Amino acid sequence: KKMNKKVLSSLHLCMVWLRLEYHVPDDELPFPDSMRCECKKAMEDTSIRVSRLQRNVGAILAEVCPGFEEEFKDEHTSYSIDLALHSSLIAIEVDGPSHFISSSTEKSDKTLNGSTLLKQRLLAAAGWKVISIPYFEWNALSDQLEKKEYLE
């Protein structure tokens, strides 16, 4: 039976985790080359949707610190980074409501979900400095000036 993209992408992330955190070489992974390639392709084929929040953060970031690339594909993990300054390995992840397990509006109750935590962990293991911009912090800023100061 053929595995779906979600399963293949999850297997890819398991392989990335073994490679980055346990330094397991590709040839020692318990998967044939063809399956590793299929898993990586499934991860890379994942559709990207840029939110209005991410566009807003990106536009203001471009004024404060030009050079960030939107939806940069990291070669080690195959993750798409919301906003990346590749030359300095700085990754900015704009975390909207779907990145959290709590539906409460209280900041103290906001907990990142597992897939977001795994992404941050694997990007950090690949050498990135990961900066999270939670939607509730961004939305609490009253104007463009406050948002620029937040990003500086």
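**Note on the predicted model**

1. The side chains of lysine 40 and glutamate 44 meet in a salt bridge, with 3.9 Å from N to O, where a salt bridge is a side-chain nitrogen of Lys or Arg within 4 Å of a carboxyl oxygen of Asp or Glu. Both residues lie in helix α2 (residues 33–44), four residues apart, which is about one turn of the helix. Lysine 40 is partly exposed at a relative accessible area of 33%, and glutamate 44 is partly exposed as well, at 34%. For these words, buried means under 20% relative accessible area, exposed means over 50%, and partly exposed is what lies in between, with a 1.4 Å probe and protein chains only.

2. Before reading further, please keep in mind that this is a predicted model, in which local features need pLDDT of at least 70 and side-chain atom pairs count only at pLDDT 80 or more, whereas totals for chains, interfaces and linings use all residues. Residues are numbered from 1 along each chain as its sequence is written, and side-chain values use heavy atoms, with hydrogens and water left out.

3. As for the overall layout, the protein chain has six helices and four strands, and from the N terminus on these elements follow the order α-α-α-β-β-β-α-β-α-α. Helices (H or I, at least four residues) and strands (E, at least two) are DSSP runs, numbered from the N terminus. Taken along the principal axes, the C-alpha atoms fill a box of roughly 55 × 35 × 25 Å, and buried residues make up 39% of the 152 residues. Among contacts between residues at least 6 apart in sequence, 58% join residues at least 24 apart, a contact being heavy atoms within 4.5 Å.

4. The structure holds eight salt bridges, including one between glutamate 21 and arginine 121, whose closest N and O atoms are 2.7 Å apart. Glutamate 21 lies in helix α1 (residues 5–22) and arginine 121 in helix α4 (residues 114–125), so this pair ties together parts that are 100 residues apart in sequence. Glutamate 21 is partly exposed, with a relative accessible area of 23%, and arginine 121 is also partly exposed, at 48%.

5. Another salt bridge joins the side chains of lysine 119 and glutamate 93, at 3.0 Å from N to O. This pair links distant parts of the chain, since lysine 119 sits in helix α4 and glutamate 93 in strand β3 (residues 90–95), 26 residues apart. Lysine 119 and glutamate 93 are both buried.

6. Helix α3 (residues 52–64) packs with helix α6 (residues 144–151) at an angle of about 70°, their axes being 9 Å apart; here axes are lines fitted to C-alpha atoms, for helices over the stretch in contact, and angles run from 0 to 180 degrees between N-to-C directions. That makes α3 roughly perpendicular to α6, because angles of 65 to 115 degrees count as roughly perpendicular, under 35 as roughly parallel, over 145 as roughly antiparallel and the rest as oblique. On the α3 side the contact is made by Asn56, Val57, Ile60, Leu61, Glu63 and Val64, and on the α6 side by Gln144, Lys147, Lys148 and Leu151. These residues divide into five nonpolar, two polar and three charged, where Ala, Val, Leu, Ile, Met, Phe, Trp, Tyr, Cys and Pro count as nonpolar, Asp, Glu, Lys and Arg as charged, and the others, Gly among them, as polar.

7. Most residues other than glycine have a negative phi. Glutamate 71, in strand β1 (residues 69–73), has a positive phi of about 55° although it is not a glycine. Serine 78 likewise has a positive phi, of about 70°; this serine is found in the loop between β1 and β2 (80–85) and is buried, with a relative accessible area of 2%.

8. The loop between β1 and β2 also holds aspartate 74, which counts as buried at 3% relative accessibility. Leaving aside its neighbours within four places in sequence, aspartate 74 is in contact with Tyr79, Ile81, Leu123, Ala126 and Trp128. Aspartate 74 and alanine 84, which are 10 residues apart in sequence, have C-alpha atoms 9.3 Å apart in space.

9. Finally, the structure holds zero disulfides, a disulfide being a pair of cysteine sulfur atoms within 2.5 Å. The sulfur of cysteine 14 has its closest cysteine sulfur in cysteine 39, at 9.2 Å, which is too far for a bond. Cysteine 14 is partly exposed, with a relative accessible area of 42%, and cysteine 65 is partly exposed at 29%.
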